[in-house]
Amino acid sequence: MAEMGSKGVTAGKIASNVQKKLTRAQEKVLQKLGKADETKDEQFEQCVQNFNKQLTEGTRLQKDLRTYLASVKAMHEASKKLNECLQEVYEPDWPGRDEASKIAENNDLLWMDYHQKLVDQALLTMDTYLGQFPDIKSRIAKRGRKLVDYDSARHHYESLQTAKKKDEAKIAKAEEELIKAQKVFEEMNVDLQEELPSLWNSRVGFYVNTFQSIAGLEENFHKEMSKLNQNLNDVLISLEKQHGSNTFTVKAQPSDNAPAKGNKSPSPPPDGSPAATPEIRVNHEPEPAGAATPGAALPKSPSQSSLPAVVVETFSATVNGTVESGSGAGRLDLPPGFMFKVQAQHDYTATDTDELQLKAGDVVLVIPFQNPEEQDEGWLMGVKETDWNQHKELEKCRGVFPENFTERVQ
């Protein structure tokens, strides 16, 4: 009996929600046709415009900051590889080897410290700042629905009052529903009227703190990096002084436009013959007179090599752009229109039937909106990868979700 009662409550709630949606839809149609007046609040609408602008700016800043962090990480890796190369070519008996190794180690630590501080003092602050927008956006949408409910109840009450045959019981009930709808709307409206201007004004301080943090961290990083570079330069100068007699000579190749001796331009070497390369000679020992400098042969194209024909064809097709890139457009294991994957960084509780419920770690396959005009700033359309793999049906699985709760992974 308890189970039946529970099902009865659930069924009643579903029926109530369906009725609300129908009533709202009818009210909106009447308002668009000019057959019913609509409650307007220009000041609130301006606050909503400011909110959307602030969300767009914040989302872009978050995206650009993540790009900046990715660039810092890439520069770190490049710098690390360069220092590893220096340590490999630095021979054990050369002076300053230990100092150069220590400088490379400090260089690596400095890059890691810089990246981590950017994450802690800029990116996490950015994520926290943007984290408040989805909830407020949901409440703005809910306020809009409650406003439609209020207008609908008001019109229903007014129609009963002006009817030729008045039913006092119906009028009393309609008045009660009107008061209830007005109370719910005004409570949400008052809260948002206070929060939206406050959030809008907070952007100035947030931008100042964020960019001051980035500028300060970058300034300190370059100061410390400059010291390390100066120390490395001192080590290399010491090496040069000790091995000053073992110099090397580099003879540059004449350019195509500059005439050679005798006002003749050198002809290009025939295919397969030694190329005219710069002469590089280390003066550790005298070079025998008349010794020829070996040249580097020009690399053969795949068609000139001894590779199998199928390899040559694949290489040519790749160069000519005929090999498919492997995007989701032609793959049967991905939904139609698949663009890229994202992974949820935080839990997100859906507030409407068209939204996805996300848990941190969920992978979502992003697809385009059927109607691009329906896409709101900062929101994406997608289907959770687990749902797609299980059902392969977009109609059942797809939904919208806030972009700033996720991070692109593919």
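How many cavities of 30 Å³ or more does the structure hold? There is 1.

This is a predicted model, where local features need pLDDT of at least 70, side-chain atom pairs count only at pLDDT 80 or more, and totals for chains, interfaces and linings use all residues. Residues are numbered from 1 along each chain as its sequence is written, and side-chain values use heavy atoms, with hydrogens and water left out.

View 1. (A cavity is a set of points on a 1 Å grid over the protein atoms alone where a 1.4 Å probe fits but cannot get out; lining residues have an atom within 4 Å of a point. Points are joined across faces, edges and corners, and the volume is the space filled by probe spheres set on them.) Leu55, Pro134, Lys137, Glu377, Gly378, Trp379, Pro402 and Asn404 do the lining.

**View 2. The largest nonpolar core, with 37 residues.** Such a core is a set of buried Ala, Val, Leu, Ile, Met, Phe, Trp, Tyr and Cys residues joined through side-chain atoms within 4.5 Å; buried means under 20% relative accessible area, exposed over 50%, partly exposed in between (1.4 Å probe, protein chains only). Phe51 and Leu118 are among the residues with the most contacts inside this core.

**View 3. Around Phe51.** Leaving aside residues up to four places away in sequence, Phe51 touches Phe133, Ile136, Lys137, Ile140, Leu196 and Leu199 (contact means heavy atoms within 4.5 Å).

**View 4. Lys183 at the surface.** Lys183 counts as exposed because its relative accessibility is 54%. Its C-alpha atom is 8.9 Å from that of Tyr150, 33 residues apart along the chain.

Conventions. On a 1 Å grid over the protein atoms alone, a cavity is a set of points where a 1.4 Å probe fits but cannot get out, and a pocket is an open set with protein on both sides within 12 Å along at least five of seven lines; lining residues have an atom within 4 Å of a point.
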